[in-house]
Amino acid sequence: MSTSVTPAERLLDLVIALTHTEHRMTKQDVRSTVNGYSQASNDDAFERMFERDKVTLRELGIPLVTLTDDAHGDDIGYRIDLDGYDLPRVDLTPAEIGVLSVAAQVWDGAHLDLPARRALTKLRAVAPAASPELSGHVLRIPPPTATFDPLLTAIEDRAAVTFTYRAATSAAPGQRRVEPWRLLVRDGAWYVQGHDLVRDAERLFRLSRITGSVKVGAAGSATAPRGGAATGPSDSSARTAPATVAVRPERAAEVRLRARSTTPGAGEWEGWDVLELSLGDVEDLAGLLAGQTDAVVVLDPPPLRDAVLTRLRAVAALTGVARG
């Protein structure tokens, strides 16, 4: 019993055949040698099938060429023009490969996770390794939460969303109706930026503070950003004074990548680098800095320093190391 060949499989086999033919393939050649065309019950069915496939290939941008025999003008054949079909060589610099590697982390755990990793694997096979400047520098792009996909869909469809939100300044969660504009990472956390319909103002909402599911309205129910979305943070947790830390030379690469500015240390911190960081969520930043152990010292603000010390003391207690 013969196995049915899908149209996609038949098209792929046709492309392979037409790119490998030495000169051209006639309709009879296609019918007799390309997988799938033997399923045509008669000549008319084959003609309709082949004509549809030719139209599809051309719509996909594949340069299908029609050739006639010099001696017999009615003897028509086909092939794919390789000069127009072959893609140019992919020449990416090591720095560009490194940036793409970081960008692929955005889809970690989301619906494009597998395609992103496959694409990156293929690029690495034909391009140089990542830049040495990026080696070992891993940006902490957090995996998207369950609210990421519905919010992304709402942005693409220009749809308003409704969700329950627990603000940093309020103990009780509240209902929010928002026209979402974009998703962004700031200070190690995902945010959605948009127009808060209840407060009639631009706001930045942290995804980890959204409780429950996101309800997406009808497509086209949201308006475009007025004059373009602003880039500054609007969420109260991101609207804080910066943090200042001292970092040992050539240490704490991940912290350095998040620095707003870097200046040489003076006085007690001479020989160190002093970095200014966006504070954002104190607990998140404290977790990052505590992981750097003796390479980083928090200078300001005191709540961040206390949060780091709490983590370090907890680790010391677990490992039996005496505290100084």
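Which residue in β7 is the bridge partner of Tyr191? The legends below take up this pairing and several other close-up views.

**View 1. The pairing of strand β6 with β7 in the predicted model.** Strand β6, which covers residues 189-196, is joined to β7 by 6 bridges, and the two strands run antiparallel. Within this pairing, Tyr191 has Arg206 of β7 as its bridge partner.

**View 2. The open sheet to which β6 and β7 belong.** The sheet is formed by 5 strands in the order β7-β6-β5-β4-β8, with antiparallel pairing. Its edge strands are β7 (201-206) and β8 (210-216), each of which pairs on one side only. From one strand to the next, the twist averages 40°.

**View 3. Helix α7 against the strands of the sheet.** Helix α7, made up of residues 148-157, lies across β4 (161-165), β5 (174-186), β6 and β8. Relative to β5, helix α7 runs at about 90°.

**View 4. The crossing of helices α1 and α3.** The axes of helix α1 (residues 7-20) and helix α3 (residues 43-59) come within 11 Å and cross at roughly 75°. Because angles of 65 to 115 degrees count as roughly perpendicular, α1 is described as roughly perpendicular to α3. On the α1 side the contact involves Arg10, Leu11, Leu14 and Val15, which meet Met49, Phe50, Asp53, Thr56 and Leu57 of α3. Sorted by class, the residues in this contact of α1 with α3 are 6 nonpolar, 1 polar and 2 charged.

**View 5. The largest nonpolar core.** This core holds 19 residues, of which Val245, Val255, Leu277, Leu285, Leu289, Val296 and Leu304 touch the most other members. Two or more residues are given to the core by each of β9 (243-247), β11 (273-277), α9 (282-290), β12 (296-300) and α10 (302-319), and the largest share, 5 residues, comes from α9. In soluble globular proteins, nonpolar side chains tend to be buried together.

**View 6. The surroundings of Val296.** When neighbours within four places in sequence are left aside, Val296 is in contact with Val245, Ala246, Val247, Ala252, Val255 and Leu289. Among these partners, Val245, Val255 and Leu289 are, like Val296 itself, listed with the core residues that touch the most other members.

View 7. Of the contacts in the chain with a separation of 6 or more, 59% are accounted for by residues 24 or more positions apart.

Conventions. Residues are numbered from 1 along each chain as its sequence is written. This is a predicted model: local features need pLDDT of at least 70, side-chain atom pairs count only at pLDDT 80 or more; totals for chains, interfaces and linings use all residues. Side-chain values use heavy atoms; hydrogens and water are left out. A nonpolar core is a set of buried Ala, Val, Leu, Ile, Met, Phe, Trp, Tyr and Cys residues joined through side-chain atoms within 4.5 Å. Buried means under 20% relative accessible area, exposed over 50%, partly exposed in between (1.4 Å probe, protein chains only). Helices (H or I, at least four residues) and strands (E, at least two) are DSSP runs, numbered from the N terminus. Contact means heavy atoms within 4.5 Å. Axes are lines fitted to C-alpha atoms, for helices over the stretch in contact, and angles run from 0 to 180 degrees between N-to-C directions. Angles under 35 degrees count as roughly parallel, over 145 as roughly antiparallel, 65 to 115 as roughly perpendicular and the rest as oblique. Ala, Val, Leu, Ile, Met, Phe, Trp, Tyr, Cys and Pro count as nonpolar, Asp, Glu, Lys and Arg as charged, and the others, Gly among them, as polar. Two strands pair if DSSP finds at least two bridges between them.
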